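Hi everyone, thanks for making time. I'd like to walk you through one structure today, starting with rings and ending with helices. Have a look at it first.

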Amino acid sequence: MKIASPESEGFDSDRLARIDAFVKERYLDSGRLPHAQLLIARSGRIVHFSHQGPAREGGAPVDHTTLFRIASMTKPVTSLAFMMLLEAGKVALDTPVHHVLPELKGVGVYAGGGGGVAFETRPTASPMRMIDLLRHTSGLTYGFQDRTPIDAAYRESKMENWHGNLTLDEFVAALGKLPLEFSPGDEWNYSVSTDVLGAVVERVSGQSLDRFFAERILAPLGMHDTFFQVPEDKIDRLADCWTLAPGGARVMYDRGAASAWSRFPRLVSGGGGLVSSALDYHRFNTFFLNGGELEGTRLVSRKTVDLMTMNHLPGGSDLTHMSRSLFSETTNAGTGFGLGFAINMDVAKSMLPGSSGEYYWGGMFSTAFFIDPIERITMVFMTQFSPSTTYPIRRELKTMIYSALT
């Protein structure tokens, strides 16, 4: 691992260093976060890679080998898998989802009922298409949105439990028995759409999602520390994961030494199941920054990456106008959505320094990444604390990274 001189890549090293001091004072010394890791690169060359805090309670510090649950940062990997199949002519963005997943044929839109009363539905105005899964306009939801009777039905069925209950096929079948929250394409709602997309990848490719990832994406890109199940010989590298308890205390959610991620999940979640490292995700970021190629390995074309990183919300809209979600990994103003990523459409509306066309996402354990194809900057931030909406650290990091440019 080589660290380039920040000055040679257009950064002020003192201003980069003050980011770590800020994180330490604001988040680690205060006990808000258990640990933090920040990797910043330009044109694929790492210029800053810092590690702070113990990976495990009372244990050794975080370092470059530490593994983290990346949750929804899994979504771009699943989206890439789908686009590889699209390039092979096996599926298209306008393919109706029920052509591949017949369990979802005839699913209607919620029109009443729930809470022990049978759901009433009306027909969708248009079929759910693959593009709706990629951009979260499918009408599906997440149970933790905790807003509608459909959300409640998701929670009651425990369908989003990765380490128990339903397999991926059973999960899709269960979704086929519940209404959609809106007609596909009409609104945006953060949802299990990418989990359904994982089932599409399995059916179209004839491979399990974990094998497709391992053989066709992770191994070719040299991402040897990314997996759904942490191997026995690497479990000592998995960080503890914490959550916010009622009253504001930080409590253990998943202890690294006895982690649920040490077992193969019953539900292989293309929406949130992966464990990875900062260095592995840096390789993934660099692959996209390079237009679908890394160190001589090309998985998709430059034009496919261009397509993935355009705003695909209907009418060129942004999330301010399209979103009905109570929770997402982004603020909404000036933000569009592509095929697996949020897209910065309007820097002024975002009220943060950045570049038009930057794309990014994060995970519920407060991990985050962004890729700026204009400035050729990429970032990976790792910690393990949920919910990710608790603190504004992503906004603060982004502001301070751009402030370090010379």
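Before the first example, one cut-off: a charge sits over a ring if NZ of Lys or CZ of Arg is within 6 Å of the ring centre and within 35 degrees of the ring normal. And keep in mind that this is a predicted model.

So, with that rule in hand, take Arg250: its charged end sits over the ring of Trp242, 4.3 Å from the ring centre. There's another case with Arg42, where the charged end lies over the ring of Phe11, and here the distance to the centre is 5.7 Å.

Now rings with rings. How many aromatic pairs does a search of the whole structure find? The search comes back with 24. Let me show you one, Phe22 with Tyr27: the ring centres are 6.3 Å apart and the planes are at 70 degrees, so we call this pair edge-to-face. Are those two buried or exposed? Phe22 has 18% relative accessibility, and the limit for buried is under 20%, so Phe22 counts as buried. Tyr27 is buried as well, with a relative accessible area of 1%.

Next pair, please: Phe341 and Tyr359. Their planes are at 70 degrees and their centres 4.9 Å apart, so that one is edge-to-face too. What I like here is that the pair links distant parts of the chain, 18 residues apart. Phe341 is in the loop between β11 (335-337) and β12 (342-344), while Tyr359 belongs to strand β13 (residues 359-362). Both Phe341 and Tyr359 are buried.

If you zoom in on Ser386 and Pro387, you'll find a cis peptide bond between them, with omega at about 0 degrees. Pro387 sits in the loop between β16 (385-386) and α12 (393-403).

Then there's positive phi. Which residues have it without being a glycine? I picked out Asn165, at about 80 degrees, and Glu295, at about 50 degrees. Asn165 is in the loop between α4 (149-157) and α5 (168-175), and at 36% relative accessibility it counts as partly exposed. Glu295 is in the loop between β9 (293-294) and β10 (297-298). With a relative accessible area of 63%, Glu295 is exposed.

Last topic, helix packing. Look at helix α2 (residues 75-87) against helix α6 (residues 193-205): their axes come within 9 Å and cross at roughly 35 degrees. The crossing of α2 and α6 is left-handed. Who's touching whom? On the α2 side we have Lys75, Thr78, Ser79, Ala81, Phe82 and Leu85. They meet Thr194, Leu197, Gly198, Val200, Val201, Val204 and Ser205 of α6. Sorted by type, the residues of this α2 and α6 contact come out as seven nonpolar, five polar and one charged.

One more residue before I stop: Thr304, in helix α9 (residues 302-308). What does Thr304 contact, leaving aside its neighbours within four places in sequence? Those contacts are Met83 and Glu87. Thr304 has 9% relative accessibility, so it counts as buried.

That's my tour, over to you.

Notes. Residues are numbered from 1 along each chain as its sequence is written. This is a predicted model: local features need pLDDT of at least 70, side-chain atom pairs count only at pLDDT 80 or more; totals for chains, interfaces and linings use all residues. Side-chain values use heavy atoms; hydrogens and water are left out. Rings of Phe, Tyr and Trp (its six-membered ring) pair if their centres lie within 6.5 Å; planes under 30 degrees apart count as stacked, over 60 as edge-to-face and the rest as tilted. Buried means under 20% relative accessible area, exposed over 50%, partly exposed in between (1.4 Å probe, protein chains only). Helices (H or I, at least four residues) and strands (E, at least two) are DSSP runs, numbered from the N terminus. Axes are lines fitted to C-alpha atoms, for helices over the stretch in contact, and angles run from 0 to 180 degrees between N-to-C directions. A crossing is left-handed if the near helix is turned anticlockwise from the far one by less than a right angle, and right-handed if clockwise. Contact means heavy atoms within 4.5 Å. Ala, Val, Leu, Ile, Met, Phe, Trp, Tyr, Cys and Pro count as nonpolar, Asp, Glu, Lys and Arg as charged, and the others, Gly among them, as polar.
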